[in-house]
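Subject: Structure for you to look at

Hello,

Here is the structure I said I would pass on. Please open it first and then read the notes below.

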Protein chains: 2
Amino acid sequence: MDQALEQAREAMRLGEVPVGAVIVRDGEVIATAHNSPRADYDPTAHAEIVVLRRAAKALGTSQLIDCDLWVTLEPCAMCTGAIAHARIRRLYYGASDPKGGAVEHGPRLFSQPTVHHRPEVYAGIAEEESAELLRTFFAEKR
Amino acid sequence: MDQALEQAREAMRLGEVPVGAVIVRDGEVIATAHNSPRADYDPTAHAEIVVLRRAAKALGTSQLIDCDLWVTLEPCAMCTGAIAHARIRRLYYGASDPKGGAVEHGPRLFSQPTVHHRPEVYAGIAEEESAELLRTFFAEKR
């Protein structure tokens, strides 16, 4: 999660909402990414989407079986759906997101009967550091 | 929707699940795309995600306000979330998807209280042609 936090700090330096993500397989980092919708002119460029795309390209597959995703914020509906499509094995995340999260909040997508794949989910990893970055970012925006 | 169906047929020719999408603004086609997760090694490469990314790049923005999305199949959770992030004005879709859809089925994301944006939704446009392509594709796979 340290590398995911480093990515989130990099997003903050670039003026993007500070969320970072890392994909790991067998103890090896396959890809890292941060939020970048503004810089990339891409409404889908959340950290999770970007890191899933990078890892899939790196491994030459569209299914990331045996891969684990670490991300500093609870994924939204778009990213939760992408995590299911990618067949991620374990999801570790930091801060909870009552307004936009879709894992433990809102539609709770992994609890829906129609979801195609459910990773193991571990919440609250480095929660305080992850949340503090977001609080600082939005406080500066105001 | 004719152009979205042509994109879906192109996906079928390439061995991808036949779904196509088009983004229109003021009567002008901004971008077209089809499903391509296998060819692109990209679990997020549903037609909707690809067309949202292309349109945003083409317009130099991360929010597609005043844009309408036409797609041959009811969007999944990932794509429905992306449509909300992109602030699409109107969503027109073809076939319903009781197993994977997230607009009128499953989590019904635009009906969730936490959704950030709800487009106007028009379902059942060229439904039969859209569904027939999918039936043919999956029948050939068996």
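Over all chains, the structure holds 20 salt bridges. Keep in mind that this is a predicted model.

One of the salt bridges joins E16(A) and R38(A), whose closest N and O atoms are 3.8 Å apart. E16(A) sits in the loop between α1 and β1 of chain A, while R38(A) belongs to helix α2 (residues 37–40) of that chain, so the pair ties together parts that are 22 residues apart in sequence. E16(A) is buried, at a relative accessible area of 2%, whereas R38(A) is partly exposed, at 46%.

In chain B, look at D68(B). Its side chain meets that of R89(B) in a salt bridge of 3.0 Å, N to O. D68(B) is part of strand β3 (residues 68–73) and R89(B) lies in the loop between α4 and β4 (90–95) of chain B, so this pair ties together parts 21 residues apart in sequence. D68(B) also forms a salt bridge with R90(B), with the closest N and O atoms 4.0 Å apart. That pair links distant parts of the chain, since R90(B) is in strand β4 and D68(B) in strand β3, 22 residues apart. D68(B) is buried, with a relative accessible area of 7%. Its two partners are partly exposed: R89(B) at 31% and R90(B) at 25%.

Next, helix α1 of chain A. It covers residues 2–13 and reaches 17 Å from its first C-alpha to its last, close to the expected 16 Å. Which residues of α1(A) are buried? They are A4(A), L5(A), Q7(A), A8(A) and A11(A). These residues cover an arc of only 155° around the axis, so they are on the same side of α1(A). Their cover includes β1, β2, β3 and α5 of chain A. The face turned away from the buried side carries the exposed residues D2(A) and R13(A). R13(A) is also linked with E6(A), R9(A) and E10(A) in a network of salt bridges. Just after the helix, G15(A) takes a positive phi of about 85°.

Last, the two chains together. In chain B, 31 residues are in contact with 31 residues of chain A. The chains bury about 2,500 Å² between them, 65% of it on carbon and sulfur atoms. On the chain B side, Y41(B), P43(B) and R53(B) lose the most area to chain A, together 24% of what that side buries. There are two salt bridges between the chains. R53(A) and D42(B) meet in a salt bridge at 2.8 Å, N to O.

Regards

Conventions:
Residues are numbered from 1 along each chain as its sequence is written. Chains are lettered from A and ligands numbered from 1 in the order in which they are written. This is a predicted model: local features need pLDDT of at least 70, side-chain atom pairs count only at pLDDT 80 or more; totals for chains, interfaces and linings use all residues. Side-chain values use heavy atoms; hydrogens and water are left out. Helices (H or I, at least four residues) and strands (E, at least two) are DSSP runs, numbered from the N terminus. The expected span of a helix is 1.5 Å times one less than its number of residues. Buried means under 20% relative accessible area, exposed over 50%, partly exposed in between (1.4 Å probe, protein chains only). The arc is that of the directions from the helix axis to the C-beta atoms. Contact means heavy atoms within 4.5 Å. Buried area is the accessible area (1.4 Å probe) that two parts lose on being put together, summed over both.
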